[in-house]
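The structure comes first, and the details follow.

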Amino acid sequence: MAPFVLSALVSTGADDSNPPHPVKTRNPRVTGELVRRMLPRRIRNLRKIVVQNSFASLIELGKFKLPFRSFSTNSTCKELPRKLKKSERKPWVTSVNELKCKARLQKQARQEVSEITLRPPENGLLVKGLVPFAHEVYAARAKLFTCVSMVVKSTIIYSCRLCGEVHVGHPPHKIRTCNVTGSPASKEHVWEIGGVEHVLPLVESFHLYDRLGRAVSHNERLQVDQIPAIVELCIQAGLDIPEYPTRRRTFPVYNVAGRMIDFERRFPKYDSPGKDINAYGFWEKRNQSSENKSMHLLADDVQGFAIQGMEAWEKMWLGASKLMQKYAVQTCGYCSEVQVGPKGHRVRNCQAYKHQMRDGQHAWQEATVDDLIPPVHVWHVRDVQDGGPLVNGLQRYYGKLPAVVELFAQAGANVGENYVAMMREDVAVPGLDEEKWVV
């Protein structure tokens, strides 16, 4: 049905036998509008659909050309995940329904007296293909800390004394986001000089001699060493450190009816770390000495340290995510506690939401890379040479970056493509007097 035919029907009414009531008015536009309102909704929607289809067919046939240029409304800005409240739990990596289904299948398998096939690393053996990644991640972490400590000497890091927010560069921003107990009514930050620990926060985990053994109990919390979680992940993946010995099995562990059976002795004689693991050339002394030499050559080059630090950060982050695909890491759903291994510890030191109901124990769930290597997001400063601080009125036009990336970016390193959407470089920052004119 053509549009003009339908409009004629609309003007005269849906049914000629029941004409619409006359409207006493002199304006024909008002008359047509009132008549259209009196018609059923399905007829009004039908007219709209016919008009749109006719217009689209004209464009396809090339009989009608648009006099304007179409623009995409899709924004390239990447929004960061919102900050969770104290009463909210971290989002699940695996859905709850999948976890329940997996638990039901495991319960059915335990009822049958049969062997359950286990693969590395669930059977206690190493994944040989991931041993080089463990050495790479550990070396990248050491290199990253060296580069950050050198770049920090030329860039000031600020930390809020009340809420702990971090800002990289001078002067600190004026964005009023300090909303914690004890903060001023203006929500302005109370800045003080920070350090490397504010850019790269330390996340510790209990070191396990046997990753398949029992969990650390509450009474053993002072007897077991706590080391950085990323280092513990590398150790369990094949890295050998003499200070932190670990058990390397040569025969797998069997699972019969849900019970782990280990046929090896508790402390075998041939359990000497470092002899049966091939480092594939990643941990030789000659490579380590050459790396240290190259780092000493760039002692006065801040930009060189920033470029190498950015590469080390990317290598450590990608390597850790690769290892976590096979080696399990647990985190508390309400606090920042992390335990590397297939199960969490039993230390009752959780002080998060409703910890009294759990008797201080943690609500363990599957961890992500951000739990192991927490990215401290800071406001991105586009022009370091400008000298002006970021103001509160224009905060929606500013982007954010992890503190390490922002530190290296201000020192002259190129930011990778993964962070371009977070920087909001394609958004023009207006002036304070121009903000009201922004659409």
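Predicted model: local features only at pLDDT ≥ 70, side-chain atom pairs only at ≥ 80, totals over all residues.

Residues are numbered from 1 along each chain as its sequence is written, and side-chain values use heavy atoms, with hydrogens and water left out.

**Strands around β9**

Strands here are DSSP runs of E with at least two residues, helices are runs of H or I with at least four, and both are numbered from the N terminus. Two strands pair if DSSP finds at least two bridges between them. Strand β9 spans residues 329-332. It has antiparallel partners in β10 (residues 338-340), through three bridges, and in β11 (residues 364-366), also through three bridges. A hairpin of five residues links β9 to β10. Within that pair, V329 has V340 as its bridge partner.

Both faces of β9 are covered. V329 and T331 lie on one side, Q330 and C332 on the other, and all are buried (under 20% relative accessible area with a 1.4 Å probe, protein chains only; over 50% is exposed, and partly exposed lies in between).

**A three-stranded open sheet**

The order β1-β7-β8 makes an open sheet with antiparallel pairing. Its edge strands, β1 (115-116) and β8 (259-261), each pair on one side only. Strand β7 (residues 254-256) meets β8 through three bridges.

**Cavities**

A cavity is a set of points on a 1 Å grid over the protein atoms alone where a 1.4 Å probe fits but cannot get out; lining residues have an atom within 4 Å of a point. Points are joined across faces, edges and corners, and the volume is the space filled by probe spheres set on them. Three cavities reach 30 Å³ or more.

| Cavity | Volume |
|---|---|
| Largest cavity | about 180 Å³ |
| Second largest cavity | about 110 Å³ |

The largest cavity is lined by 15 residues, with R141, P201, I230, L372 and I373 closest to its centre. Helices α5 (131-151), α7 (229-236) and α9 (302-324) each supply at least two lining residues. α5 gives the most, with three.

Classes are as follows: Ala, Val, Leu, Ile, Met, Phe, Trp, Tyr, Cys and Pro are nonpolar, Asp, Glu, Lys and Arg charged, and the others, Gly among them, polar. The lining of the largest cavity has 14 nonpolar residues, no polar and one charged. The lining of the second largest cavity has six nonpolar, six polar and two charged.

Technical notes:
1 Å grid on protein atoms, 1.4 Å probe; cavity = no way out; pocket = protein on both sides within 12 Å on 5 of 7 lines; lining within 4 Å.
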